[in-house]
Amino acid sequence: MHTSNIITAGKKTTEAKKALIMVHGRGGSAEDILTLANYLNVKDYALLAPQATGHTWYPYSFLMPPAQNEPWLSSALSVLKEVVDEVVADGIAAENIYFLGFSQGACLTLEFITRNAAKYGGTVAFTGGLIGDQLYPENYSGNFGGSPVFIGTSNPDPHVPVDRVKATEKVLKDMGADITVNIYNNMGHTISQEEINLANKLVFK
């Protein structure tokens, strides 16, 4: 199971007005994802990056039946819940909490916010979609209240099909998110400068 291992940077949560929770991808690390903050308009934010045990949040593709990724998936979602609860306990309201994830981390981030929808500061998902062999609407509750969400992805992407990104877009839009999806032809499984620019313009503004 995952243990709560949070790497921090930026301002302390007790001193910052905003917090950004950054979720690394499969094979990545908390330290890696934190370096992205150098390119984002988040210099006054508290930065928190949980580290997955074994550098992966769940063992199989996000497109497998969720039960096959258990108990790791539930453990990963619990880690994010703990981070959010700690940030709130330190005095930062949900509307000033931001999320960012890449690849597996983007899928986990989207799954978490949609299971716990609220008016957050905003979310950036670099290549991700909601988790499962199909979508399970019964897992999703709450309303985003116009919270901005940006998803960027490649067409094609070796791990995340475009149709899942589009299905994710519909779910979040129906739940009140102000969502923007950009699909880049043959971008590859990476993060582009244009995506970073859009994240700054739409979310970290």
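Modeller: First a term: buried means under 20% relative accessible area, exposed over 50%, and partly exposed in between (1.4 Å probe, protein chains only). Helices (H or I, at least four residues) and strands (E, at least two) are DSSP runs, numbered from the N terminus. This is a predicted model, where local features need pLDDT of at least 70, side-chain atom pairs count only at pLDDT 80 or more, and totals for chains, interfaces and linings use all residues. Residues are numbered from 1 along each chain as its sequence is written, and side-chain values use heavy atoms, with hydrogens and water left out.

Colleague: Which residues of H4 are buried?

Modeller: Val162, Arg164, Val165, Thr168, Val171 and Leu172.

Colleague: And what do they pack against?

Modeller: The buried residues of H4 pack against H3, S6 and S7, counting contact as heavy atoms within 4.5 Å.

Colleague: What does Leu172 touch, leaving aside neighbours within four places in sequence?

Modeller: Leu110, Ile113, Thr114, Leu130, Phe144, Val149, Ala177 and Ile179. Leu172 and Ile113 also touch the most other members of the largest nonpolar core, which has 44 residues. Such a core is a set of buried Ala, Val, Leu, Ile, Met, Phe, Trp, Tyr and Cys residues joined through side-chain atoms within 4.5 Å.

Colleague: Which element gives the largest share of this core?

Modeller: H2, with 8 residues.

Colleague: What follows H4?

Modeller: Gly176, whose phi is positive, near 90 degrees.
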